[in-house]
Amino acid sequence: MSALVGVIMGSKSDWSTLCHTTETLDRLGIEHEVQVVSAHRTPDLLFDYAGSAAERGLEVIIAGAGGAAHLPGMAAAKTVLPVLGVPVQSSMLSGVDSLLSIVQMPAGIPTGTLAIGRAGAVNAALLAAAMLGNKYPEIRERLEAYRAEQTRAVLDAPDPRPQ
Ligand code: RP5
């Protein structure tokens with residue numbers, strides 16, 4: 001099966017965050033592709049990537065970036081596919097810069113925005129699964145199983161003290 005989700009990031013340095021996205025997609029058995037696509041270092045590649053995403057069969061794009069994080073918004077400008085933005089925790093401003101850059105899109109070009117760092121990276125994959133689950137019942141079933149397992153893990157070990 002060809003990739004349903006495209007995971008892009010502005011730099012190789014974002015991989016330590018976005019690896020949590022791909023791990024979660026793997027766990028849910030969702031086909032995906034991964035690539036560094038920089039909005040400012042490779043703008044033509046970004047236009048090609050986002051502009052051709054739908055015809056290549058992608059159904060969701062997850063874009064992670066840090067600092068002046070324009071990658072998700074620019075990707076969203078070039079496609080009507082849902083784009084989920086993951087703010088990478090930057091060294092200078094702890095990712096608040098990334099978050100604000102992604103979340104404050106002007107009306108007309110929506111960019112879904114997740115939490116800064118690992119939580120956002122994991123949740124972007126889960127949100128993509130929820131979207132895809134409307135069309136692919138097997139993905140919805142795996143997402144339901146993931147959630148049930150999470151609930152069971154809490155209920156099975158309610159004592160927070162180290163055992
Ligand atoms: C952004 O600049 C990237 O998304 C990355 O988070 C940040 C720093 O990039 P590097 O200088 O580490 O390549 O474009």
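This is a predicted model: local features need pLDDT of at least 70, side-chain atom pairs count only at pLDDT 80 or more; totals for chains, interfaces and linings use all residues.

Residues are numbered from 1 along each chain as its sequence is written.

Two packed helices are described by the angle between their axes and the distance between the axes. The axes are lines fitted to C-alpha atoms, for helices over the stretch in contact, and the angles run from 0 to 180 degrees between N-to-C directions. Helices (H or I, at least four residues) and strands (E, at least two) are DSSP runs, numbered from the N terminus.

Helix α1 (residues 15-27) and helix α5 (residues 118-133) have axes that come within 8 Å and cross at roughly 30°, and therefore α1 and α5 are roughly parallel to each other. Their contact, where two residues count if their C-beta atoms, placed from the backbone, lie within 7 Å, brings T17, L18, H20, T21, T24 and L25 of α1 to R118, A121, V122, A124, A125 and L126 of α5. By class, this contact of α1 with α5 has seven nonpolar, four polar and one charged residues, where Ala, Val, Leu, Ile, Met, Phe, Trp, Tyr, Cys and Pro count as nonpolar, Asp, Glu, Lys and Arg as charged, and the others, Gly among them, as polar.

Helix α5 also packs against helix α6 (residues 137-156), at an angle of about 140° and with axes 7 Å apart, so α5 and α6 are oblique to each other. In this contact, L126, A129, A130, L132 and G133 of α5 meet I139, R140 and L143 of α6, and these residues divide into six nonpolar, one polar and one charged.

Which residues surround the ligand? They are G10, S11, S13, D14, S38, A65, G66, G67 and V88, each with a C-beta atom, placed from the backbone, within 6 Å of the ligand. By class, this shell has two nonpolar, six polar and one charged residues. S11 lies in the loop between β1 (5-9) and α1. UniProt, in an unreviewed entry, places the feature "binding site" at S11, D14 and R41. These span 31 residues in sequence, yet no two of their C-alpha atoms are more than 14.5 Å apart, so they gather at one spot.

Notes
Angles under 35 degrees count as roughly parallel, over 145 as roughly antiparallel, 65 to 115 as roughly perpendicular and the rest as oblique. UniProt positions are given in the numbering used here, feature names are shortened, and annotations may be inferred rather than shown by experiment.
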